[in-house]
Amino acid sequence: MIEDVYREAKRGVYMRRKEIEELKNKRFRAIVKYAFWRSPLYRKKFREAKVDIDKIKTVDDIKKLPFTTKQELRESYPLKAAAVPKEEIVRIQMSGGTTGQPVIIPYTRKDVEQWKEMMLRAFYLAGITSEDVIQITPAFGLWNGGFGFHFAADAINAFVIPIGPGNTRNQVRFMKDFGTTVLCATASYPLRIAEVANEMEIDVAELPVKKLILGAEPWSDEMRREIERIFDARTYDIPGLTEMGGVGTVGFECPERSGLHMWEDQYIVEVIDPETGEVLEEGEEGEIVYTSLNREAMPLIRYRSGEVSEALGIDCECGIEHMKIKRIRGRVDDMVIYKGAKFYPSDIERILANYGILHYKIEVGNGKIRIVYESEKDFSGEISRDIREFLGFQPEVVRVGVGKIERFEGKAKRLVRV
């Protein structure tokens, strides 16, 4: 029965604060020693930083440990950072990135089970059951997108459509013919699905889809409202990165949708100043740093994710006592500085979505910023005014006809450096 499958997920979600703190400290002490003795990467890093692992007693001591970067993982290719012999590895996944040496993340059987259990927490909170028909559009391959969804959907005996990315006409046809009730996708892909459905003279709001589990890229609250209006369905933001185990591993939204609850029995989450490395207080925006507490093949300690958010504390009307952070605003390397103003693509998206604009790109280069958007109506003056008022700079704003901006069936490329 699904109640049996969800029993452990429910217990993990509603763990009391005292137990969370006890587990965090216990697992933190253990993972530091495990990483030192089992991982060549951390044995070298801790020795270079003169870390005495016997003096690491509580989570408060985490500041004594060095950060881990993606470049270090690239340099550890293929399995130089693994903490287990190759014989214990059951699969690998690859972290995103378009250039350079790939970042390989190995998994033991225990790691795969941990991934599934974290995804089951997300499914439990979203109210997904064995009665649902779950269409999984992220890729099934080295990039981990589809697998986490599949593990959880399979565990609850749901009807699974593991279609993967692309072939959007088939996506629409399957949604209609098989009665998809839950759509799993990158945050921008539902917009493309709705567009193609319209070409097929199908209104996605009339399809059985009731829930969309979306992630892999930042998306604004304004974009969320547009997607929910178009589909007449409820959306959930699912964070996660391959380095921490995959989609859905680090946290999820509660039904209040007032932030992302981070599973502190599994991960320590810090927010730091990306320039100085200083740990920031609640309410201060910075770069998210993760420490995995329960990963076996390649635990990562103080891993700089590049994601930008801020801590919100632990108070939430839903009753969950795991810490909460704001939804991801962007990535550190996506921040644009223009004439003293700092912004992320999601900041532009919030303004455009207020005018019903869903397809756009931001061109940055040659000392200029150009916002190109699709619309049947010309809102250029209003958009320029809003950007000047809310973000503090004056871009060039250009309207083009509907269908003129490139479409993507994975992550949308909003920011173009020219």
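Partly exposed describes a residue whose relative accessible area lies between the limit for buried, under 20%, and the limit for exposed, over 50%. The views below show a predicted model.

**View 1. Glu195 and Arg407 form a salt bridge.** The N to O distance between these side chains is 2.5 Å. Glu195 is part of helix H8 (residues 189-199), whereas Arg407 sits in the loop between strand E22 (396-400) and strand E23 (415-417), so the pair ties together parts that are 212 residues apart in sequence. Both Glu195 and Arg407 are buried.

**View 2. Glu270 and Arg302 meet in a salt bridge.** Their side chains approach to 2.9 Å, N to O. Distant parts of the chain are linked here: Glu270 lies in strand E12 (residues 267-272), and Arg302, 32 residues away, lies in the loop between strand E13 (286-292) and strand E14 (303-309). Glu270 is buried, with 6% relative accessibility, and Arg302 is buried at 3%. Elsewhere, one network of salt bridges with shared partners joins Glu222, Arg225, Glu285, Arg329, Asp347 and Arg350.

**View 3. Phe123 and Ile213 have the most contacts inside the largest nonpolar core.** This core comprises 75 residues. Helix H5 (residues 109-126) supplies its largest share, nine residues. Beyond its neighbours within four places in sequence, Phe123 is in contact with Tyr6, Ile128, Ile134, Phe149, Ala152, Ala153 and Ile156. A separate core of 25 residues includes Met175, Ala187, Tyr189 and Val209.

**View 4. Strand E5 pairs with strands E3 and E6.** Strand E5 (residues 182-186) is mostly covered, with five of its five residues buried. Strands E3 and E5 run parallel and are joined by three bridges; in one of them, Ile136 is partnered by Cys184 of E5. E5 also pairs in the parallel sense with strand E6 (residues 211-215), over five bridges. Here the partner of Ala185 is Leu214 in E6.

**View 5. Ile92, Leu142 and Trp143 make a nonpolar surface patch.** The patch covers about 280 Å². Trp143 is located in the loop between strand E3 (133-136) and helix H6 (145-155). With a relative accessible area of 44%, Trp143 is partly exposed.

Key
Residues are numbered from 1 along each chain as its sequence is written. This is a predicted model: local features need pLDDT of at least 70, side-chain atom pairs count only at pLDDT 80 or more; totals for chains, interfaces and linings use all residues. Side-chain values use heavy atoms; hydrogens and water are left out. Patches are made of residues with over 30% relative accessible area and no salt bridge: like charges are joined within 9 Å, nonpolar side chains (Val, Leu, Ile, Met, Phe, Trp, Tyr) within 5 Å. Accessible areas come from the Shrake-Rupley method with a 1.4 Å probe; for residues, only the protein chains shown count as cover. A salt bridge is a side-chain nitrogen of Lys or Arg within 4 Å of a carboxyl oxygen of Asp or Glu. Helices (H or I, at least four residues) and strands (E, at least two) are DSSP runs, numbered from the N terminus. Buried means under 20% relative accessible area, exposed over 50%, partly exposed in between (1.4 Å probe, protein chains only). A nonpolar core is a set of buried Ala, Val, Leu, Ile, Met, Phe, Trp, Tyr and Cys residues joined through side-chain atoms within 4.5 Å. Contact means heavy atoms within 4.5 Å. Two strands pair if DSSP finds at least two bridges between them.
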